[in-house]
Amino acid sequence: MPKQKEAVRSFADVDFEEGAMTEFVPDPNQEVVLSVRDLDVGFMVRGKKTHVIRNINLDIYKGKTLAIVGESGSGKSVFTKTFTGMLESNGFISNGTIMFEGQDLAKFTTNEEWTPIRGKKIATIFQDPMTSLNPLLSIGYQISEVLIIHRGMTKEEARAEAIDLLGKVKIPHPEERYDDKPFQFSGGMRQRAVIAIALACNPEILICDEPTTALDVTVQSQIIDLIKELQKEYGWTTIFITHDLGVVANVADNVAVMYGGQIVEYGTIEDVFYHPEHPYTWALLCSLPQLGTKEEPLAFIRGNPPSFGEEIVGDAFAPRSAYAMNIDFVREPPIFKISDTHWAKTWLLSKYAPKVEKPLVIQELHERMKRAAQELANQEGGDYGQED
């Protein structure tokens with residue numbers, strides 16, 4: 001009996017966080033353009049504070065494309081809205097820093113402070129271009145207005161530059177389309193016009209908030225290719241928000257997987273796609289229809305994302321995870337470093353965690369992704385359809 005009690009005491013003294021990161025350090029081989037530390041964001045809802053972004057640490061690297069992925073409600077858009085001061089009126093930053101060009105954006109509280117940043121230094125392309133475009137004003141006027149306000153151009157200079165920008169985003173006959181209203185453009189063309197407005201100030205960072213979700217597959221590919229082409233020309237840093245991991249594979253250098261207001265896994269595209277370590281990342285990948293087979297039932301993630309109106313205890317994904325351990329329900333996991341470019345917040349990476357067998361899709365990921373890529377290439381035939 002005494003030996004049993006001693007064993008229990010020893011177990012209680014185990015440092016399950018052994019090997020976890022004690023300090024968040026950026027990749028020494030990359031230039032940091034924006035750095036987030038210990039960020040907490042909340043909202044006042046019916047007199048009660050809710051915590052939507054919980055203790056996020058992240059470095060965004062110059063000239064690279066970061067994809068932020070996760071289900072709707074994981075906090076992706078709220079997180080990036082803090083970079084441009086576009087939180088709703090009941091939103092607030094309760095803790096942390098957002099360092100950009102020597103300034104802490106988390107401390108900005110007025111439009112006067114945000115004006116030199118929003119649009120000019122950090123621009124956003126939204127999911128629905130009609131939320132960005134004024135339906136009563138011509139497309140050309142809306143681009144020219146940005147050039148006049150932010151770059152001090154005359155009306156004539158702004159008109160010429162706006163026409164040039166419409167050409168850069170591949171709007172056919174840009175001089176003729178300058179005076180068209182948004183309703184005269186197709187959905188894909190409206191999205192191109194919004195990209196032209198973002199280009200007008202040549203921002204340092206371009207945030208693409210699910211810019212292809214409302215478009216058909218062919219136009220999605222065109223818009224993604226356009227963004228990649230313009231990024232090479234202008235050298236900006238891109239943050240691409242999406243719930244579609246299939247899009248991520250074609251656009252990103254690095255991937256941040258978000259769940260429950262936290263980044264639960266981060267790495268290069270190769271890290272996250274070929275060596276995922278968090279059960280939520282496994283679930284997202286397993287849910288990609290193109291990675292399944294005819295013999296397997298369509299995979300899905302059971303349950304619902306957590307409600308931010310209630311306190312989240314432990315690992316937010318635990319109630320939906322087939323790999324959850326007792327500790328997941330009572331204690332939030334720390335960040336475990338997997339490599340210089342890859343880390344994840346899961347107790348499965350603790351040296352004391354049992355070894356688990358990853359889902360079959362994850363085990364066969366290399367082969368399945370090659371097969372999916374080949375099938376896509378066969379379907380497209382190497383050509384994309386032409387937009388109206």
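**Sheet, flanking helices and nonpolar core**

Strands S9 (residues 254-259) and S10 (residues 262-268) run antiparallel and are joined by 6 bridges; strands are DSSP runs of E with at least two residues, and helices are runs of H or I with at least four residues, both numbered from the N terminus. Val-257 has Glu-265 of S10 as its bridge partner. The model is predicted, with local features requiring pLDDT of at least 70 and side-chain atom pairs pLDDT 80 or more, while totals for chains, interfaces and linings use all residues. Residues are numbered from 1 along each chain as its sequence is written, and side-chain values use heavy atoms, with hydrogens and water left out.

An open sheet of 8 strands has the order S6-S7-S8-S3-S9-S10-S12-S11, with mixed pairing (two strands pair if DSSP finds at least two bridges between them). Strands S6 (122-125) and S11 (336-339) are at the edges with a single partner strand each, so one side of each lacks a neighbour in the sheet. From one strand to the next, the twist averages 20 degrees.

Helix H7 lies across S6 and strand S7 (205-209), at about 175 degrees to S6. Helix H8 (residues 217-234) lies across strand S3 (65-69), S7 and strand S8 (237-242), at about 160 degrees to S8. Axes are lines fitted to C-alpha atoms, for helices over the stretch in contact, and angles run from 0 to 180 degrees between N-to-C directions; contact means heavy atoms within 4.5 Å.

The largest nonpolar core has 114 residues, and Leu-34, Phe-79 and Phe-83 have the most contacts inside it. Helix H7 (residues 187-199) gives the most to this core, with 7 residues. Such a core is a set of buried Ala, Val, Leu, Ile, Met, Phe, Trp, Tyr and Cys residues joined through side-chain atoms within 4.5 Å, where buried means under 20% relative accessible area (1.4 Å probe, protein chains only). Not counting residues up to four places away in sequence, Phe-79 touches Val-36, Leu-39, Ile-53, Ile-56, Leu-58, Ile-68 and Met-258.

How values were computed
Buried means under 20% relative accessible area, exposed over 50%, partly exposed in between (1.4 Å probe, protein chains only).
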